[in-house]
Amino acid sequence: AKVEEWFDGSSAVRTEATIILPTGAARRPDRVMTRDGKLSVLDFKFGEPSDEHIRQAADYRILLEEMGYAGVKSYLWYVEKDMIREA
């Protein structure tokens with residue numbers, strides 16, 4: 001059901017939107033979606049789940065919260081395994 005929501009056209013979507021850090025470095029989550037005033041970040045992954053993936057998705061959430069967005073959710077979607085993890 002979650003995946004269907006992400007692609008059913010009910011969210012405003014930005015793909016690979018760049019987040020510029022104060023250091024000048026950039027981060028690019030795969031998909032940032034806004035729906036009913038809530039922001040969700042989705043990163044597509046392939047292969048085996050890892051703690052590094054969780055940290056990466058959590059970093060996206062934290063960065064967006066620091067930019068002033070409230071209630072941000074971040075997800076990893078392991079496409080080949082059809083597995084979703086919240087970070």
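These notes cover the fold, the sheet and the overall dimensions of a predicted model.

1. Elements. The protein chain holds two helices and seven strands. Read from the N terminus, the order is α-β-β-β-β-β-α-β-β.

2. Along the principal axes, its C-alpha atoms fill a box of roughly 35 × 30 × 20 Å.

3. The sheet. Five strands form an open sheet with mixed pairing. Their order is S1-S4-S5-S6-S7. Strand S1 (12-15) and strand S7 (83-86) are the edge strands, and each of them pairs on one side only. From one strand to the next, the twist averages 20°.

4. S1 pairs with strand S4 (residues 31-35). The sense is antiparallel, and the pairing runs over four bridges. Within this pair, Thr 15 stands opposite Arg 31 in S4.

5. Contacts along the sequence. Take the contacts in the protein chain between residues at least 6 apart in sequence. Of these, 48% join residues at least 24 apart. The S1 and S4 pairing described above is one place to look when viewing the sheet.

6. Burial and surface. How much of the protein chain is buried? Buried residues make up 31% of the 87 residues; the cut-off is under 20% relative accessible area.

Methods. Residues are numbered from 1 along each chain as its sequence is written. This is a predicted model: local features need pLDDT of at least 70, side-chain atom pairs count only at pLDDT 80 or more; totals for chains, interfaces and linings use all residues. Side-chain values use heavy atoms; hydrogens and water are left out. Two strands pair if DSSP finds at least two bridges between them. Axes are lines fitted to C-alpha atoms, for helices over the stretch in contact, and angles run from 0 to 180 degrees between N-to-C directions. Buried means under 20% relative accessible area, exposed over 50%, partly exposed in between (1.4 Å probe, protein chains only). Contact means heavy atoms within 4.5 Å.
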